[in-house]
There are 2 protein chains.
Amino acid sequence: LVHGGGKLATELANRLDISQQMHEGRRITDADTLYVVTMVYAGWINKNIVAQLQARGVSGVGLCGADAALIPAVRRPVKTIDYGFVGDVLHDRINTNYLLQLLSAGQAPVIAPISADATGQLLNINADTIAQSLAIALAATGEAVQLIYSFDRAGVLRDVEQPDSLISSIDPATYELLKAEGAIHSGMIPKLDNAFAAVRQGVKKVVLGRAEQLPELLAGKAGTAIVG
Amino acid sequence: LVHGGGKLATELANRLDISQQMHEGRRITDADTLYVVTMVYAGWINKNIVAQLQARGVSGVGLCGADAALIPAVRRPVKTIDYGFVGDVLHDRINTNYLLQLLSAGQAPVIAPISADATGQLLNINADTIAQSLAIALAATGEAVQLIYSFDRAGVLRDVEQPDSLISSIDPATYELLKAEGAIHSGMIPKLDNAFAAVRQGVKKVVLGRAEQLPELLAGKAGTAIVG
């Protein structure tokens with residue numbers, strides 16, 4: 001379970017008078033913002049999710065990418081934009097052994113989108129990217145991996161205003177068409193790019209939909225399936 | 001490794017205009033304070049320690065008491081003082097198996113002093129108490145446990161103003177005498193009560209001293225040893 005927490009992070013940043021800058025849906029992470037997101041994601045949200053899981057009979061372990069060197073990262077190189085303390089995942093160094101050990105011990109890994117580089121510098125990483133990276137790394141070990149992106153919509157909609165315009169499956173050609181039409185835009189683009197990359201790299205099933213419909217999403221009865 | 005973070009928590013609470021009340025060195029934890037301490041302890045401090053350990057070649061996993069149901073707790077009953085969201089450890093339900101698994105896998109557990117009750121309510125617990133509870137629970141499994149309380153002094157001092165007045169070992173009779181003289185007071189009393197309780201309950205060695213002198217503390221060449 002990989003979670004984010006952008007709304008709560010923005011709220012805390014506002015209370016602390018730390019101004020937030022976004023670039024194409026990604027948070028520019030200066031030192032003050034790193035402090036905020038680490039506290040909100042790896043502290044408040046992560047531990048509340050774990051405690052709520054335990055209360056529901058599911059044992060979980062709350063982690064960030066630094067724990068057990070789960071998701072080694074490097075600070076993103078500055079090209080046109082300096083994202084600050086934002087990390088890029090070192091895909092071939094993901095500690096899948098540790099994840100598989102947790103899963104086989106019956107512990108649900110609950111992962112906050114924070115990691116660190118080799119110097120111990122904490123870094124902020126997009127949660128969708130972490131979910132995709134972990135799914136691809138687990139698929140490479142031979143596991144049949146399902147990746148469910150859950151958010152506050154029923155899936156990819158042809159018209160955001162029309163909840164009944166759900167697209168039940170989408171292939172790359174349809175995706176390009178809907179982007180060209182403007183039906184898919186802004187925050188959905190990095191999410192879908194991530195989803196298509198996962199399918200291309202061996203993840204068995206990728207679905208987007210509402211968190212509340214998780215059983216239906218897993219059963220293929222809700223959401224938008226990504227077709228490679 | 002059990003850590004606290006009281007100074008940073010107080011600093012963040014001040015920035016957020018959340019007033020802090022202490023009672024006999026213990027923080028009264030209302031809902032706003034719980035938010036602050038969870039973020040600071042389990043988020044910022046915990047993940048920075050883990051990242052710094054990884055950078056030094058020590059693999060660690062950052063946890064709170066809710067993770068893997070490591071330290072089940074109950075909210076402290078209200079007697080004369082309502083401590084708010086403060087937990088009491090359920091000593092006989094500590095998940096020592098999980099701790100021993102981590103240690104045998106070469107992972108250092110890094111533990112923030114936050115846990116949860118059976119309803120998923122997060123709770124704030126004194127870090128010294130958690131350290132003592134874990135040491136006693138590990139000792140009961142047959143391990144030869146050393147408990148090192150590290151802080152910003154060389155150990156128990158006969159005169160706080162005189163760094164060379166270190167008491168190299170202390171027994172219960174000397175402790176009572178020094179309390180009566182007023183040489184030991186305030187924050188040192190719960191710390192030493194914890195330390196003596198650990199020795200009485202099977203912890204092999206308990207030492208107090210400076211974090212910077214950890215090798216000397218382990219070797220018995222620095223700090224104050226607690227004698228049962």
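Me: Which strand does strand 3 of chain B bridge to, and do they run parallel or antiparallel?
Reply: This is a predicted model. In it, strand 3 of chain B is joined to strand 6 (residues 108-112) of chain B by five bridges, and the two run parallel.

Me: Which residue stands opposite B:Cys64?
Reply: B:Ala112, in strand 6 of chain B.

Me: Is strand 3 of chain B buried or exposed?
Reply: Five of the five residues of strand 3 (residues 60-64) of chain B are buried, so the strand is largely enclosed by the rest of the structure. Both of its faces are covered: B:Gly60, B:Gly62 and B:Cys64 are buried on one side, and B:Val61 and B:Leu63 are buried on the other.

Me: What does strand 3 of chain A pair with?
Reply: Strand 6 (residues 108-112) of chain A, in the parallel sense, over five bridges. In that pairing A:Gly60 stands opposite A:Ala108.

Me: Switching to aromatics. How many aromatic pairs are there over all chains?
Reply: A search of the whole structure finds four. One of them is A:Tyr35 with B:Trp44, an edge-to-face pair at 5.2 Å centre to centre, with 85° between the planes.

Me: Where do those two residues sit?
Reply: A:Tyr35 is in helix 2 (residues 31-55) of chain A and B:Trp44 is in helix 2 (residues 31-55) of chain B, so the pair joins two chains. A:Tyr35 and B:Trp44 are both buried.

Me: What is the geometry of B:Tyr175 and B:Phe196?
Reply: B:Tyr175 and B:Phe196 are stacked, with 5.1 Å centre to centre and 20° between the planes. The pair links distant parts of the chain: B:Tyr175 is in helix 5 (residues 172-181) of chain B and B:Phe196 is in helix 6 (residues 188-200) of chain B, 21 residues apart. Both residues are buried.

Me: Now charges over rings. Which ring does the charged end of B:Arg75 sit over?
Reply: The ring of B:Phe85, at 4.3 Å from its centre. In chain A, A:Arg76 lies over the face of A:Tyr83, 4.9 Å from the ring centre.

Me: Back to sheets. What is the strand order in the open sheet of four strands in chain B?
Reply: The order is 9-11-12-10, with mixed pairing. Strand 9 (146-151) and strand 10 (169-170) of chain B are the edge strands, and each pairs on one side only.

Me: How many bridges join strand 9 of chain B to strand 11?
Reply: Six, and strand 9 and strand 11 (residues 205-210) of chain B run parallel. One residue to look at is B:Ser150, whose bridge partner in strand 11 of chain B is B:Gly209.

Me: What order do the four strands of the open sheet in chain A have?
Reply: 9-11-12-10, and the pairing is mixed. The edge strands of that sheet are strand 9 (146-151) and strand 10 (169-170) of chain A.

Me: What joins strand 10 of chain A to strand 12?
Reply: Two bridges, with strand 10 and strand 12 (residues 224-226) of chain A running parallel. A:Ser169 stands opposite A:Ala225 in strand 12.

Me: Overall numbers for chain A. How many helices and strands does chain A have?
Reply: Seven helices and 12 strands. Its C-alpha atoms fill a box of roughly 45 × 40 × 35 Å along the principal axes.

Me: What radius of gyration does chain A have, against a compact globule?
Reply: Chain A has 18 Å; a compact globule with 228 residues would be near 17 Å, so the value agrees. Buried residues make up 50% of the 228 residues.

Me: What share of the contacts in chain A is between residues 24 or more positions apart?
Reply: 63% of the contacts with a separation of 6 or more.

Me: Last one. Where is A:Thr141?
Reply: In the loop between helix 4 (127-140) and strand 9 of chain A. A:Thr141 has 38% relative accessibility, so it counts as partly exposed. Leaving aside neighbours within four places in sequence, A:Thr141 is in contact with A:Thr96 and A:Leu100.

How values were computed. Residues numbered from 1 in each chain as written. Chains lettered and ligands numbered in written order. Predicted model: local features only at pLDDT ≥ 70, side-chain atom pairs only at ≥ 80, totals over all residues. Heavy atoms only, no water. Phe/Tyr/Trp six-rings, centres within 6.5 Å; stacked < 30°, edge-to-face > 60°. Buried < 20%, exposed > 50% of the residue type's maximum accessible area, 1.4 Å probe, protein only. Lys NZ or Arg CZ within 6 Å of the ring centre and 35° of its normal. Pairing = 2+ DSSP bridges. Rg over C-alpha atoms; globule rule 2.2 N^0.38 Å. Contact = heavy atoms within 4.5 Å.
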